[in-house]
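Please look through the sequence and the model shown here before reading on.

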Amino acid sequence: MHLVLNDEERIIMVLVGNPTEDDRRPPEQQWQAIFQRLSKKVEAERCEHVATFDTRHRRGVYSVLSFGLSYGGGQVKLQALRLSATHHRVAERLKSDKDLQRVAGFQSEILASYFPLAYQHLRTAMRKLQAHDPSFVAPFSHSVYAAGAMNFGPKTCCDAHFDMENYPSLPCAITAFGNFNPNKGSHLVLHDLGIYFRFPLGATVLLSLAGIRHGNTTIQPGEKQYSFTQFCPGGLMRWVAYSCCPAKDFSICQCAQMDAEAKEGWKQQLGQFSKVWDLDEDRAWVREQEHLEPI
Ligand SMILES: [Fe+2]
């Protein structure tokens with residue numbers, strides 16, 4: 001486990017190696033087996049539906065399928081991301097996959113542990129959404145994240161980019177798996193920070209993909225690299241802040257006032273990243289909020 005801090009000693013990134021095994025679990029439920037099975041299933045889906053993916057996009061050349069809640073890009077309201085019938089079936093298989101559910105839950109746990117204030121902010125927003133419309137549900141029942149994306153590769157190599165559509169103060173989670181030598185490729189590169197990291201199979205990283213420019217190095221010939229990410233679309237928080245109405249219904253002054261009331265200014269968003277010395281206190285505050293909230 002490694003933490004990356006900014007100059008205010010706020011945690012801006014968490015690198016989690018392979019999760020610690022619980023030896024009491026049967027071998028088929030241990031992480032290595034989970035990632036082996038996931039790699040086979042993802043590769044099978046990719047091979048079957050390769051013709052349906054647009055593999056050329058601004059991030060790189062590989063197949064990707066996003067699913068979950070979405071707002072923006074022409075959508076006039078918050079809704080489940082619209083998919084073709086084929087991709088809808090693939091997304092449903094992914095969401096019901098026990099192995100992927102465990103990865104999704106693990107990512108959400110890391111978010112709660114190291115970004116407790118951001119976790120609580122999203123959790124509160126998701127509760128408000130569900131109160132407004134019960135159909136607004138997260139893709140995975142054990143994860144707070146509103147959306148997910150499976151990168152089918154087979155070489156998930158990204159050029160330097162920001163994911164501008166993501167909510168910046170909610171760190172996204174990325175877990176890598178497949179069949180590659182992490183000493184020779186798949187390194188995570190943070191161009192503006194001037195650093196890069198080894199990103200081995202089964203490792204998970206959390207960082208703001210909207211706030212930190214990132215990419216990763218290619219892998220060796222014959223290898224395959226997939227990754228699973230969870231994130232929150234920025235439009236979702238806007239939708240909640242504006243009482244589940246589109247921004248065009250309000251004047252600029254009204255939007256600014258609602259942003260302030262919803263604590264969505266940039267200073268308040270930066271404040272969602274805990275200072276490392278306040279982490280225990282922030283975790284305790286979140287536990288207290290969970291205790292206070294109605295079940
Ligand atoms: Fe990205």
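Which residues have the most contacts inside the largest nonpolar core? They are F115, L129, F228 and L236, in a core of 57 residues; a nonpolar core is a set of buried Ala, Val, Leu, Ile, Met, Phe, Trp, Tyr and Cys residues joined through side-chain atoms within 4.5 Å, and buried means under 20% relative accessible area, exposed over 50%, and partly exposed in between, with a 1.4 Å probe and protein chains only. Helix α3, residues 98-114, gives the most to this core, with eight residues; helices (H or I, at least four residues) and strands (E, at least two) are DSSP runs numbered from the N terminus. A second, separate core has 21 residues, including C172, L207, L209 and I212.

The model is a predicted one, in which local features need pLDDT of at least 70 and side-chain atom pairs count only at pLDDT 80 or more, whereas totals for chains, interfaces and linings use all residues. Residues are numbered from 1 along each chain as its sequence is written, and side-chain values use heavy atoms, with hydrogens and water left out.

Helix α1 can be followed next. Its 19 residues should span 27 Å at 1.5 Å a residue, and its end C-alpha atoms are 27 Å apart, which agrees; the expected span is 1.5 Å times one less than the number of residues. Among the buried residues of α1 are W31, F35, L38 and V42, and the buried residues of this helix pack against α2 (85-95), α3, β7 (147-153), β8 and β13 (224-231).

Aromatic rings form another set of links. The structure holds nine aromatic pairs, where rings of Phe, Tyr and Trp (its six-membered ring) pair if their centres lie within 6.5 Å, and planes under 30 degrees apart count as stacked, over 60 as edge-to-face and the rest as tilted. One of these pairs, F35 with F177, is stacked, at 6.2 Å centre to centre and 25° between the planes. Because F35 lies in helix α1 (residues 31-49) and F177 in strand β8 (residues 172-179), the pair ties together parts that are 142 residues apart in sequence. Both F35 and F177 are buried, and ring pairs link W31, F35, F106, F177 and Y226 into a cluster.

The iron ion has H161 (NE2), D163 (OD) and H214 (NE2) as its protein donors, lying 2.1 Å from it. Donors are N, O and S atoms within 2.8 Å of the metal (3.2 Å for Na, K and Ca), and water is not among the atoms, so sites may look incomplete. Along the sequence the donor residues are spaced H-x1-D-x50-H, and H161 and D163 are both buried.

Some backbone details remain. Most residues other than glycine have a negative phi, and most peptide bonds are trans. The peptide bond from G153 to P154, however, is cis, with omega near 10°, and P154 is found in the loop between β7 and β8. S186, in the loop between β8 and β9 (188-190), has a positive phi near 70° and is buried, with a relative accessible area of 1%. E9, in the loop between β1 (2-5) and β2 (11-16), has a positive phi near 65° and counts as partly exposed at 35% relative accessibility.

Conventions
Contact means heavy atoms within 4.5 Å.
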